[in-house]
Amino acid sequence: MVKQFGLPNYVIWLFAGIAFTAVGIISVFHWTYGLATFILTLGVAFAGYWFFFRPAFVAMDIMRSGEPAMAIILKVWETGRTINDHPRIGMLLEIRHSTMVPYEVEVKQNIRKEELRNYQPGRTLQVKVDSKDPKKVAILAA
């Protein structure tokens, strides 16, 4: 399962970026305001990319080029965060890859409330592991 975007946060970052860009273009005639707005726009755009788009791009890259493996859920907990009324859970997984010794990884995943019963300790999941960094794992749809 690919990391899900939280639409309300995504929309807020998008509109904030567009607003700062528009203000920067309008105020370019005033050097001081234009420079300050441009720097602020770059900061908002970078934060939006870093927190929202980058994790999704990393997960998609692992899904595309990662090596298949099996994971056993050892522990599940709620993080207390929700996105669109869908809880974000944390899981401790034991990864079993054909060419590696079994190891543990901690993963956080957004899931639908209906799918919560699919993520219980002892259940096995199909995952893909990043060949460069085995601690990076993408969970395939349960």
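Trp-50 is partly exposed, with a relative accessible area of 38%, where buried means under 20%, exposed over 50% and partly exposed in between, using a 1.4 Å probe and protein chains only. The model is predicted, so local features need pLDDT of at least 70 and side-chain atom pairs count only at pLDDT 80 or more, whereas totals for chains, interfaces and linings use all residues. Residues are numbered from 1 along each chain as its sequence is written, and side-chain values use heavy atoms, with hydrogens and water left out.

**Aromatic rings**
- A search of the whole structure finds two aromatic pairs, the rule being that rings of Phe, Tyr and Trp (its six-membered ring) have centres within 6.5 Å, with planes under 30 degrees apart counted as stacked, over 60 as edge-to-face and the rest as tilted.
- Phe-46 and Trp-50 form a stacked pair, at 5.7 Å centre to centre and 25° between the planes.
- These two residues are separated by about one helical turn because they are four residues apart in helix α2 (residues 31-65), a helix being a DSSP run of H or I with at least four residues and a strand a run of E with at least two, numbered from the N terminus.
- Phe-46 counts as exposed, at 52% relative accessibility.
- Tyr-49 and Phe-57 form a tilted pair, at 6.5 Å centre to centre and 40° between the planes; Tyr-49 is partly exposed at 37%, and Phe-57 is partly exposed at 44%.

**Charges over rings**
- Arg-54 lies over the face of Trp-50, at 4.1 Å from the ring centre, a position that requires NZ of Lys or CZ of Arg within 6 Å of the ring centre and within 35 degrees of the ring normal.
- Lys-75 lies over the face of Trp-77, at 5.5 Å from the ring centre.

**The sheet**
- Five strands form an open antiparallel sheet in the order β3-β2-β1-β4-β5, where two strands pair if DSSP finds at least two bridges between them.
- β3 (103-110) and β5 (137-139) stand at the edges with a single partner strand each, so one side of each has no neighbour in the sheet.
- Strand β2 (residues 86-96) pairs with β3 over eight bridges, and Val-107 in β3 is the bridge partner of Met-91.

**Salt bridges**
- The structure holds three salt bridges, each a side-chain nitrogen of Lys or Arg within 4 Å of a carboxyl oxygen of Asp or Glu.
- Asp-61 and Arg-64 meet at 2.8 Å, N to O, and both lie in helix α2, three residues apart.
- Arg-96 pairs with Glu-94 at 2.6 Å, and Glu-94 is buried at 16%.
- Glu-115 pairs with Arg-112 at 3.7 Å; Glu-115 is buried at 17%, whereas Arg-112 is partly exposed at 41%.
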